[in-house]
Amino acid sequence: ALTDPNITPDKELVFSMIGAKRFYWMSIMEHLYQHHKDISEVWRFYNDGKSWLFRTLKKKNTIFWVAVLKETFRVGFYFGDKAEPMILHSDLPESIKDEFKIAKRYNTIRAISVTMNDAADVDTVIKLIELKLKIK
């Protein structure tokens with residue numbers, strides 16, 4: 001949804017695009033900042049996808065990416081192979097575990113993404129944040 005390279009997104013623009021799902025965005029970010037230090041945020045325009053993506057980092061390590069869609073947003077994580085046992089033995093929804101098992105590999109990395117549809121998706125994203133930050 002954010003396809004103009006000349007307009008750097010801000011919270012007001014994003015919230016106008018995702019509508020009521022802004023509460024999910026705020027819940028995720030509130031959790032992140034309440035439970036973790038050294039968090040930073042970056043918006044960057046990517047020419048390969050011709051859109052802006054929001055990236056959260058702890059120090060120099062990416063925690064997750066966000067793509068803004070019409071009336072919602074998608075949160076994406078990348079996990080290496082060493083995360084597989086943690087993911088598969090977690091209390092994440094089976095659909096997320098299945099997505100990880102069949103995800104295309106980029107060397108040793110696989111993606112999990114969550115499109116925000118309801119409050120249960122917020123819980124899933126928070127669990128994924130915690131898993132991501134436990135991995136060294």
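What covers the buried residues of H4? Hold that thought, and I'll get to it after a quick tour.

Some ground rules. This is a predicted model, where local features need pLDDT of at least 70 and side-chain atom pairs count only at pLDDT 80 or more, while totals for chains, interfaces and linings use all residues. Residues are numbered from 1 along each chain as its sequence is written, and side-chain values use heavy atoms, leaving out hydrogens and water.

Okay, the sheet. We have an open sheet of 5 strands in the order S1-S2-S3-S4-S5, paired antiparallel. Strands and helices here are DSSP runs, numbered from the N terminus: E for strands, at least two residues, and H or I for helices, at least four. Two strands count as paired if DSSP finds at least two bridges between them. Strand S1 (39-46) and strand S5 (109-115) stand at the edges with a single partner strand each, so one side of each has no neighbour in the sheet. From one strand to the next, the twist averages 25 degrees; angles run from 0 to 180 degrees between N-to-C directions, with axes being lines fitted to C-alpha atoms, for helices over the stretch in contact. S1 and strand S2 (residues 51-58) are joined by 8 bridges, and Ile39 stands opposite Lys58 in S2.

Now the helices on that sheet. Helix H1 (residues 11-18) touches S1, strand S3 (61-69) and strand S4 (72-80), its direction making about 55 degrees with that of S3. Touching, or contact, means heavy atoms within 4.5 Å. H5 lies across S2, S3, S4 and S5, at about 30 degrees to S4.

Next, the inside. The largest nonpolar core has 37 residues, and Trp25 and Phe64 have the most contacts inside it. Such a core is a set of buried Ala, Val, Leu, Ile, Met, Phe, Trp, Tyr and Cys residues joined through side-chain atoms within 4.5 Å. Helix H5 (residues 119-134) gives the most to this core, 7 residues.

In H4, Ile96, Lys97 and Phe100 are buried, meaning under 20% relative accessible area, with exposed being over 50% and partly exposed in between (1.4 Å probe, protein chains only). They cover an arc of only 100 degrees around the axis, so they sit on the same side of H4; that arc is taken over the directions from the helix axis to the C-beta atoms. The face turned away carries exposed Ser95 and Ile102. Lys97 has a relative accessible area of 8%.

And the cover for H4's buried residues? That includes S4, helix H3 (84-88), S5 and H5.
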